[in-house]
Amino acid sequence: MVTRRENELWSWSAVDLARGIATRAISSRDAVQSSLYRIAKVNPALNAVVEVLADEALAAADTADAVVKSSAELGVLHGVPVTIKVNVDQRGHATTNGVVAFRDVIATEDSPVVANFRKAGAVIVGRTNTPAFSHRWFTNNDLHGATYNPWGRHLTPGGSSGGAASAVASGMGAIAHGNDFGGSIRYPAYACGVAGLRPTPGRIPAFNPSATSDRPITAQMMSVQGPLARSVADLRAGLAAMAQADARDGTWLPVPLQGAPLKRPIGVAIAPAPFGDEAPEVSAAVRAAGHWLAEAGFAVEETLPPRLADAADLWHRLVINEERRVLAPMIRKFGDDRSRYNLEGHIAYAPELDGDQVLACFEQRLAIVRAWQLFQERCPVIILPVSAQLPFRFDQDQEDADVVHALLDAQRPLLAVPALGFPSVVVPTGTAGGVPVGVQVIAGRFREDVCLAIAEMIEARASTLTPIDPRD
């Protein structure tokens, strides 16, 4: 999907950069300097990277080049420039999570995802923006300011990994780190016209050493780390780098990245309008993806996965009730006005449950997972919209409470997936009215390989999107 500018290394894929560095066709210093140049050129208009790590990155690049000359074994991203979101610990830097009160929370050690990037040889060139407490589909906060979408300032870059998506879409790094609890990788990828992977929980280790307590139970079950990139092949490389073991995360599982071949013809379920309120352009993208796969020999049928609405509603019931207990007091005390306004809209969206009702939700969850897994025996691949709407207007959630609820309705295809624990890849299919549009590809647990393979087939047929400069 992405073409590169031959004389501009910032536009090369991570896979091409790693190959060029390993063969000494280019140096890591050249690649990193090109990314830093690109940051200096486009970041003032986008504010995606809120901490540029030029000195650290160039020193790490020089070390990477020395390792290449030593003939030592190289990691999958050796010498490749990447970015890290400001809500995970990176030694020597503030884990702000977009909150003014956390500006001096300096990490003393790396989180697993940062440590794994380093093990894979990646060079961290900067840290990317997130909304306060990483709790909106819009990236704007009182500490770092607003991040803008390279496709236009009138569009959200998504959230909460909006800085990551804006940075990678505009060429500031080859791969961007993000995380996804309710769509925070997939929605920014969709909004900025890049690819994003939400892996199965337990695939990529996570832990913030600076945290004063462990994550609440729904976050342990649903929140994941993952990559964003300008190509599906780069997602695959990012996953290989990020998924290494780390003993600090007791939920990580040693499952191979490549699973058994699926029985052919592979069944694909497409649902162009799963909730009946999807924009025509959104439904058209799903149908186009299905058409391309049918031409490639897949057994494509237009049908809904079971109990999709129940799965989305389950996310709201479990997550929002836990927000009432854990996150809401923090946002009300330390959040900015935008995050507080958005929070109150979220809280009002789901009924308040008592302990027995929450336990009943967990029981219901298992029944829905079972129904999906039985459905996947016939259709191991499911293609859904990312959102019912094209990318939202910038800060649209600040307009009124009814708008907040309408946006939550639009995101139901996103929210059903983490509630059930399946992996998903968002892949662009082209543009509609000058803005990006795409689909999400869902497969069985720990079958990221299937998601990536199908997304790559869609990518090969989709309109070419290239790294872009900011647009007014």
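This is a predicted model: local features need pLDDT of at least 70, side-chain atom pairs count only at pLDDT 80 or more; totals for chains, interfaces and linings use all residues.
Biologist: What makes R203 and E448 a salt bridge?

Modeller: The closest N and O atoms of R203 and E448 are 2.9 Å apart. The cut-off is 4 Å between a side-chain nitrogen of Lys or Arg and a carboxyl oxygen of Asp or Glu, so the pair qualifies. The two residues belong to distant parts of the chain, 245 residues apart: R203 lies in the loop between strand 7 (195-198) and helix 7 (217-222), and E448 lies in helix 16 (residues 448-461).

Biologist: Why is R203 called buried?

Modeller: R203 has a relative accessible area of 2%. Buried means under 20%, and therefore R203 is placed in that class.

Biologist: Is E448 buried or exposed, and how do you know?

Modeller: The relative accessibility of E448 is 0%, which is under the 20% limit, so E448 counts as buried.

Biologist: What makes R248 and E109 a salt bridge?

Modeller: Their side chains meet at 3.0 Å, N to O. That value is within 4 Å, so the pair is counted as a salt bridge. The pair links distant parts of the chain, 139 residues apart. R248 is in the loop between helix 8 (232-242) and strand 9 (267-270), while E109 is in the loop between strand 2 (81-85) and helix 4 (112-119).

Biologist: Why is R248 called partly exposed?

Modeller: Its relative accessibility is 30%. Partly exposed covers the range between the 20% limit for buried and the 50% limit for exposed, so R248 belongs there. E109, at 37%, also counts as partly exposed because its value falls between those limits.

Biologist: How do you know that R236 and E456 form a salt bridge?

Modeller: The N to O distance between the side chains of R236 and E456 is 3.0 Å. The criterion is within 4 Å, so the pair meets it. R236 sits in helix 8 and E456 in helix 16, 220 residues apart in the chain.

Biologist: What class of accessibility do R236 and E456 have, and why?

Modeller: R236 is at 34% relative accessibility, and E456 has a relative accessible area of 28%. Both values lie between 20% and 50%, so both residues are partly exposed. Elsewhere, salt bridges that share partners join R91, D110 and R118 into one network.

Biologist: How many salt bridges does the whole structure hold?

Modeller: A search of the whole structure finds 27 salt bridges. Between domain 1 and domain 2 the count is five.

Biologist: Where do the two domains lie in the chain?

Modeller: The domain assignment gives domain 1 as 9-243 and domain 2 as 267-460. Their centres, taken over C-alpha atoms, are separated by 23 Å. The contact takes 53 residues from domain 1 and 65 residues from domain 2.

Biologist: What area is buried between domain 1 and domain 2?

Modeller: The buried area is about 4700 Å², and carbon and sulfur atoms give 65% of it. H135, R186 and Y190 supply 17% of the area that domain 1 buries against domain 2, more than any other three residues.

Note on methods
Residues are numbered from 1 along each chain as its sequence is written. Side-chain values use heavy atoms; hydrogens and water are left out. Helices (H or I, at least four residues) and strands (E, at least two) are DSSP runs, numbered from the N terminus. Buried means under 20% relative accessible area, exposed over 50%, partly exposed in between (1.4 Å probe, protein chains only). Domain bounds come from an automatic or database domain assignment. Contact means heavy atoms within 4.5 Å. Buried area is the accessible area (1.4 Å probe) that two parts lose on being put together, summed over both.
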